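Colleague: Could you take me through the spaces inside this model and then one of its residues?

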Amino acid sequence: MIIKNKKMFNLACIVFLFLLLQSCSRSTNSQVLELTVDGASNESITMLTPESLSEQINETYTPQATLDKSTPTPDLRISPDNWQDWPIVPEVTNNSIAIFTRGKQKDVDPKSFSKIGDCQNIKEAFLGIYDLEGRYFLREDEKDWQETIDNFMGFFNKDGMAIEQGLNVAAALSPMHADQDVCKPSESPLQCELREANPSFAFISFERWWQKETPPDVYEKYLRIIILATIDHGTVPILVTKADNVEGNHQINLIITKLAYEFDIPLYNWWRAAQLLPHRGLDPDRNDGFHISNEAWDTRSYYALKTLNTLWKGLKNQ
């Protein structure tokens, strides 16, 4: 877009700041935004807002990964319909072995992992303490976890290219949300993160959803694409349930679990762990039914580390 005069330039700056300041507490408009610069001259700027990129995602982003259905984990697993009974910390699955093995062949970084999701996954709230000396304590029966911490050092207290306030499953696939200083042209936050971090594991956690822009069926559609792209890279996806139920009937957690079951990949059942906390992990001060408490940050990070420790040690010698 070429700015022809000062008035148009000023308005363009305002629009840019408007988009920049969007956060977890606000959804993005799914319509095309058209602003009139000068009523007399009828000049206007037409801008495509983030959620209107759905068609672009469908047309340009087609992961090539396929599932290895020859050796699925035997179906002694709990049904996804009973997802609330799934364990907090997952075990190694047969497909995660296959993905990890392909990752070695593709030279993924064995000392790297990624966090992909919204503001509840930023380093201050999720796992960052394990890069900070004196901020965490391991019990005697957890001392061996230090090996995992040492192996992935530098990636705990880091926000990668696919962490953003308000980032949802569609936005993670949208080049409009990518860091233009780091990412390649037309590269989505997900693609950028996979290229930059080249991780062996990726926690995938999108707690926030938008009723109008990403209803459950749309959430499932885009989460499926994210999983496929991650597998295609040779990265083991670790899906994470959420503590809240803003959508009602726990529809999103059911979708997350169904996809973990379908793809035979690990699922960290954070919802189950949160039930043991005051207010079930939700922040009583913000009281918005979505954000989790500071105490929950530590608990969520603790079980995530336990998950990473279990999976890495179960896979590294495969």
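**Pocket, cavity and a core residue**

Modeller: The second largest pocket has a lining of 16 residues, and those nearest its centre are Arg77, Trp86, Pro87, Glu91 and Thr93. On a 1 Å grid over the protein atoms alone, a pocket is an open set of points with protein on both sides within 12 Å along at least five of seven lines, a cavity is a set where a 1.4 Å probe fits but cannot get out, and lining residues have an atom within 4 Å of a point. This is a predicted model, where local features need pLDDT of at least 70 and side-chain atom pairs 80 or more, while totals for chains, interfaces and linings use all residues. Numbering runs from 1 along each chain as its sequence is written, and side-chain values use heavy atoms, without hydrogens or water.

Colleague: And the largest cavity, what is it lined by?

Modeller: Its lining is made up of Phe113, Ser114, Lys115, Phe155, Lys158, Gly160, Ile163, Glu193 and Ala197.

Colleague: Which element gives the most to that lining?

Modeller: Strand 3 does, with three residues, and both strand 3 (109-117) and helix 5 (189-197) supply at least two residues each; strands (E, at least two residues) and helices (H or I, at least four) are DSSP runs numbered from the N terminus.

Colleague: Switching to Leu308, is that buried or exposed?

Modeller: Leu308, which sits in helix 9 (residues 294-315), counts as buried because its relative accessible area is 1%, where buried means under 20%, exposed over 50% and partly exposed in between, with a 1.4 Å probe and protein chains only.

Colleague: What does Leu308 touch?

Modeller: Leaving aside residues up to four places away in sequence, Leu308 touches Phe113, Thr148, Phe152, Phe156, Phe201 and Phe203, with contact meaning heavy atoms within 4.5 Å. Among them, Phe113 is also one of the residues lining the largest cavity.

Colleague: How many residues lie between Leu308 and Tyr268 in chain terms, and what separates their C-alpha atoms?

Modeller: Leu308 and Tyr268 are 40 residues apart along the chain, and their C-alpha atoms are separated by 9.6 Å.
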